[in-house]
Amino acid sequence: MMSDSPTRANHHYRGFIYLLITSLVWGFAFVPQRIASAHIEAGTFNAIKYLGATILMLTIFWRTLLRHFRPHLIRSMLVLGFLLFGGSVLQQVGVASTTAGKAGFITGLYMVLTPILLRAVWRVHISPRCWLGVSLAVTGLALLCVDDRLSITTGDLWVLGSAVLFSLQLIYANRFVAQHEPITLATGQYFFCGIFSACCLLVSERPTLSNVLTAWPSLAYMIFLSTGVGYTLALVGQKYVRPEVAALLMALEAVFAAIAGWLLLEEHLAIRQLIGCSLMLVGCVVAQRTTVAPDVLDQA
């Protein structure tokens, strides 16, 4: 038993680092995503991103996928792919009729929705330390994203719906990754999300080859780094980190997005936003001390 504790601690910190890298990659994806949105619509963007990531994973990890794929995995892949697709669609619909700052804040609320859902639906115990970390991080996120004009619009409600779906996706990913090999699970998630997105674009969009080629450098970042690296490391990291802590770590994407905007787009960071970034970082440090429990949803 004494040798098992250091091993679990090492796995916990490895998962912490994986999720931190994920938030970094996702935060810097804000720049290419903004560039791509000027040329192609959301369905086209997501279909190319996720199906491209599927091809990437099949090319690199085909031996792992052949060794670990089983037909019963399809259900878990389908659930994760659908939740990821649904969250992305609702977010895109909401963003069209709300401000970017409010959309970023409401989306980031999945870090507080995750422990609330775990407690209310699955009766999972959430430590006081984690609630403290969540409180600090949400306060920081508000300072980072929300301006003085507070109001509730229909778009805000759509974005809130996306935050709920992202929370469920994170919770179920934590459960499934404890049962299945992460690389195989991630590849199936990308495939089904890409298929759902392709169906969406066939119904409502008419992309042109020239626009796709113009957006290709941004799409390449999204395929290789944001999805191929980011989402894969997210699943691997969740194998060792409790879902409520994982939600906090991945919400740091808002901090890295602000840093990316400052470095690459020359966007100004006010003192209030810098304080918000600091509070989010402190909240994550406080919450990550929570004891890891990879099987937290086994009873679900």
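**View 1. Leu264 sits exposed at the surface of this predicted model.** Leu264 has a relative accessible area of 53%, so this residue counts as exposed, the cut-off being over 50%. Leu264 belongs to helix H14, which covers residues 253-264. A nonpolar surface patch includes this leucine. Its members are Trp262, Leu263, Leu264 and Leu265. The patch covers about 410 Å².

**View 2. The whole chain is helical, without strands.** The protein has 15 helices and zero strands. Of its 300 residues, 52% count as buried. The accessible surface comes to about 14,200 Å². Carbon and sulfur atoms own 68% of that surface. Among contacts with a separation of 6 or more, 93% join residues 24 or more positions apart.

**View 3. The largest nonpolar core holds 68 residues.** Phe105, Tyr110, Met111, Leu144, Leu185, Met250 and Met280 have the most contacts inside this core. Which helix gives the most to this core? Helix H9 does, with eight residues. Another core lies apart from the largest one. This other core has eight residues, among them Ala29, Phe45, Leu219 and Met222. In soluble globular proteins, nonpolar side chains tend to be buried together.

**View 4. Helix H15 packs its buried residues against four named helices: H7, H8, H13 and H14.** H15 runs over residues 271-287. Its 17 residues should span 24 Å at 1.5 Å a residue. The end C-alpha atoms are 24 Å apart, so the span agrees with that expectation. Which residues of H15 are buried? They are Gln273, Gly276, Cys277, Met280, Gly283, Cys284, Val286 and Ala287. The packing partners are H7 (110-122), H8 (128-145), H13 (243-251) and H14.

**View 5. Met280 is one of the buried residues of H15.** Met280 is also among the residues with the most contacts inside the largest nonpolar core. Residues up to four places away in sequence are not counted here. Met280 then touches Met111, Leu136, Ala137, Gly140 and Leu141, among others. Its contacts also include Leu144, Ala251, Leu252 and Val255.

**View 6. Ser162 is buried within helix H9.** H9 covers residues 154-177. Ser162 has a relative accessible area of 0%, so this serine counts as buried, the cut-off being under 20%. What does Ser162 touch beyond its neighbours up to four places away in sequence? The contacts are Gly87, Leu90, Gln91 and Thr107.

**View 7. His180 lies in the loop between H9 and H10.** Helix H10 covers residues 182-204. Is His180 buried or exposed? At 13% relative accessibility, His180 counts as buried. Neighbours within four places in sequence are left aside here. His180 is then in contact with His72, Leu73, Ser76, Leu185 and Lys239. Of these, Leu185 is also among the residues with the most contacts inside the largest nonpolar core.

View 8. Leu51 is in helix H3, residues 42-60. Leaving aside neighbours within four places in sequence, Leu51 is in contact with Phe191, Gly194 and Ile195. At 27% relative accessibility, Leu51 counts as partly exposed.

**View 9. Tyr13 and Tyr240 are 8.3 Å apart in space, C-alpha to C-alpha.** In sequence, 227 residues separate the pair. Tyr13 lies in helix H1, residues 4-28. Its relative accessible area is 42%, and Tyr13 is partly exposed.

**View 10. Glu244 and Arg242 form a salt bridge.** The closest N and O atoms are 2.5 Å apart. The count of salt bridges comes to one. Are the two partners buried or exposed? Glu244 counts as buried at 0% relative accessibility. Arg242 is buried too, with a relative accessible area of 11%.

**View 11. Arg123 has a positive phi in the loop between H7 and H8.** The angle is about 55 degrees, although Arg123 is not a glycine. Most residues other than glycine have a negative phi. Arg123 is exposed, with a relative accessible area of 63%.

Note on methods
Residues are numbered from 1 along each chain as its sequence is written. This is a predicted model: local features need pLDDT of at least 70, side-chain atom pairs count only at pLDDT 80 or more; totals for chains, interfaces and linings use all residues. Side-chain values use heavy atoms; hydrogens and water are left out. Helices (H or I, at least four residues) and strands (E, at least two) are DSSP runs, numbered from the N terminus. Buried means under 20% relative accessible area, exposed over 50%, partly exposed in between (1.4 Å probe, protein chains only). Contact means heavy atoms within 4.5 Å. A nonpolar core is a set of buried Ala, Val, Leu, Ile, Met, Phe, Trp, Tyr and Cys residues joined through side-chain atoms within 4.5 Å. Patches are made of residues with over 30% relative accessible area and no salt bridge: like charges are joined within 9 Å, nonpolar side chains (Val, Leu, Ile, Met, Phe, Trp, Tyr) within 5 Å. Accessible areas come from the Shrake-Rupley method with a 1.4 Å probe; for residues, only the protein chains shown count as cover. A salt bridge is a side-chain nitrogen of Lys or Arg within 4 Å of a carboxyl oxygen of Asp or Glu. The expected span of a helix is 1.5 Å times one less than its number of residues.
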